Amino acid sequence: LSVDNMFVFVVIFGFFSIPATLQHRVLFYGILGALAFRAVFIAIGAALIQYKAVVIIFGAFLIFTGIKIIFAPEREADPEKNPILKLLRRWIPLTPKLHGQQFLVKEQAIDPHGTGAKALRWVGTPLFVALCMIEVSDIVFAVDSVPAIFAVTKEPFIVFTSNVFAILGLRSLYFLLAGAHDKFHMLKYGLGIVLVFVGVKMTMPESWYPASWDGHFPMGWSLAFIVGVIGGSMVLSVVFPKKHAASTH
């Protein structure tokens, strides 16, 4: 799921033309915000996961999300149509110009009453918009990933620390694989299958498992399945590369 999130970062940085030298700064603060939001999600999940009905709801949601990922038509992400960007434009003035490493800068604004007077106002730079978009995308992905981890363990400490390592690894992983997102076009199918698999585990009654499993799906089998599906989808992406439409002149 973290790998899939990384590809969203590629689209956001590309849309707002954020140079590679400034992407480090955006990801640094994006990761800090992501850790805070994940802590809130996990705290809520830890309180709700005590109820069996909530576990079934989480599992059903993961199954639905997995099926949607597998069968949803592939579309190019268009940040311009994102409602968050539209809200930002209503709440704070934005400038299309980069101002070094600044997220917010002061610019002169002409008095709307026509007096000709000028006043300073805070405006958001493309770095600020990219940071907000990345934070929102992480919240959306947390809705999937947090329930998926609770399917493995119900210990909040393990759930949070696993999220911490995943998020911290995103920064390094992004700069390692940012240019390879087109090569792994089948990864979404692997992620969808994994989500369905995890959701089925959460919703399946313990009585359906063999007696030797002690009411739980074997951890080794589960990890082997996940690694096999994700790894297999990446290998198939390389063996059967994505066909790009031929350019016309």
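Predicted model: local features only at pLDDT ≥ 70, side-chain atom pairs only at ≥ 80, totals over all residues.
## The chain as a whole

The chain is built from eight helices and two strands. Read from the N terminus, the order of its elements is α-α-α-α-β-β-α-α-α-α.

The chain has 249 residues, and 36% of them count as buried. Its accessible surface is about 14,800 Å², and carbon and sulfur atoms account for 68% of that area. Contacts can also be sorted by how far apart the partners are in sequence. Among contacts between residues at least 6 apart, 79% link residues that are at least 24 apart.

## The cavity

Rolling a probe the size of a water molecule over the atoms shows where empty space is left. In this model, a search of the whole structure finds one cavity of 30 Å³ or more. The volume of the largest cavity is about 60 Å³.

Which residues line the largest cavity? The lining consists of Phe9, Leu27, Gly30, Ile31, Ala34, Ile134, Glu135, Asp138, Ile167 and Leu170. Three elements each supply two or more of these residues: α2 (20–48), α5 (126–150) and α6. Helix α2 gives the most, with four residues. Sorted by class, the lining has seven nonpolar residues, one polar residue and two charged residues.

## Asn163 in helix α6

Helix α6, which covers residues 156–177, contains Asn163. Is Asn163 buried or exposed? Its relative accessible area is 2%, so Asn163 counts as buried, the cut-off being under 20%.

Beyond residues up to four places away in sequence, Asn163 touches Arg38, Ile42, Ser145, Val146 and Ile149. Helix α6 is also one of the elements that give two or more residues to the lining of the largest cavity.

## Ser222 in helix α8

Ser222 is found in helix α8, which spans residues 219–239. The relative accessible area of Ser222 is 3%, and because this is under 20%, the residue counts as buried.

What does Ser222 contact, apart from its neighbours within four places in sequence? The partners are Phe197, Lys201 and Phe217.

How values were computed. Residues numbered from 1 in each chain as written. Heavy atoms only, no water. Buried < 20%, exposed > 50% of the residue type's maximum accessible area, 1.4 Å probe, protein only. Contact = heavy atoms within 4.5 Å. 1 Å grid on protein atoms, 1.4 Å probe; cavity = no way out; pocket = protein on both sides within 12 Å on 5 of 7 lines; lining within 4 Å. Points joined across faces, edges and corners; volume = space filled by probe spheres on them. Nonpolar A, V, L, I, M, F, W, Y, C, P; charged D, E, K, R; others polar. Areas by Shrake-Rupley, 256 points an atom, 1.4 Å probe, with all protein chains shown as cover.
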